[in-house]
Amino acid sequence: KYQFVKSHIPVVLLETIKGVGVKGQIVHVRRGYARHRLVPKGLAAFGTWENIDAYADPQLIEDPTLKARVATEQGLLPFDWVDDVRLRFVRPAREDHSSLLVEPVSVWDILEDLSTNHELDLLPGNLDLPDDGITEVGVHEVPVRIAFRNPESAAGRYNIVVNVLSKQSQDAEQQREEMKKAMEQGK
């Protein structure tokens, strides 16, 4: 019987307004302020999907659902950033063969790093990695599959770069840096 009307509504700012927000930002303002001042003067547009797609700046949107939708409308896919992921692991190498690791980088190591540092939670089946993991020092491209409900909305196949360093080479590099600093201080 009673109808509840929200006192604040979303609008997309078409101009930067001091104390309210910047151009392209989605803000919540009082209903009357939007209806009687912002929209009639051309300073903002009501927060409909069409107006958000047309006027909102994806960098200024906080809501992840809106951000993904606006980015998709502008030709960017939601998980395109996965191709830019770079992981770095340091593991001890074998004494007899310096390019082979004593303990390989496993699927679980990669999944933990992705979850902790990149907020990307995947399952082991999403990574195309050998059963024994990465056993050699170097830079490796690991294919990643991400399943989507709507396959047309995203590529679904990405690559992350995994850089594996040996502990010995990192220690040697650190010693060289310390010697260089000591030599510079000794001058």
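Tutor: With its length. This is a predicted model. Helix α4 covers residues 107-118, and at 1.5 Å a residue its twelve residues should span 16 Å.

Student: Which residues of α4 are buried?

Tutor: An α-helix has 3.6 residues a turn, so residues three or four places apart point the same way. In α4 the buried residues are V107, I110, L111, D113 and L114. Viewed down the helix axis, these buried residues fall within an arc of 160 degrees, so they line one face of α4.

Student: Which exposed residues does the face turned away from the buried side carry?

Tutor: W108, E112, T116 and N117 are the exposed residues there. Exposed here means over 50% relative accessible area, and buried means under 20%.

Student: What do the buried residues of α4 pack against?

Tutor: Four strands: β4 (86-91), β5 (100-105), β6 (134-136) and β8 (157-166).

Student: What follows α4?

Tutor: E119 does, with a positive phi near 55 degrees.

Student: How many helices and strands does the protein chain have?

Tutor: Five helices and eight strands, in the order β-β-α-β-α-α-β-β-α-β-β-β-α from the N terminus.

Student: And what share of the residues in the protein chain is buried?

Tutor: Of its 187 residues, 29% are buried. As for contacts with a separation of 6 or more, 49% join residues 24 or more positions apart.

Terms used
Residues are numbered from 1 along each chain as its sequence is written. This is a predicted model: local features need pLDDT of at least 70, side-chain atom pairs count only at pLDDT 80 or more; totals for chains, interfaces and linings use all residues. Side-chain values use heavy atoms; hydrogens and water are left out. Helices (H or I, at least four residues) and strands (E, at least two) are DSSP runs, numbered from the N terminus. Buried means under 20% relative accessible area, exposed over 50%, partly exposed in between (1.4 Å probe, protein chains only). Contact means heavy atoms within 4.5 Å. The expected span of a helix is 1.5 Å times one less than its number of residues. The arc is that of the directions from the helix axis to the C-beta atoms.
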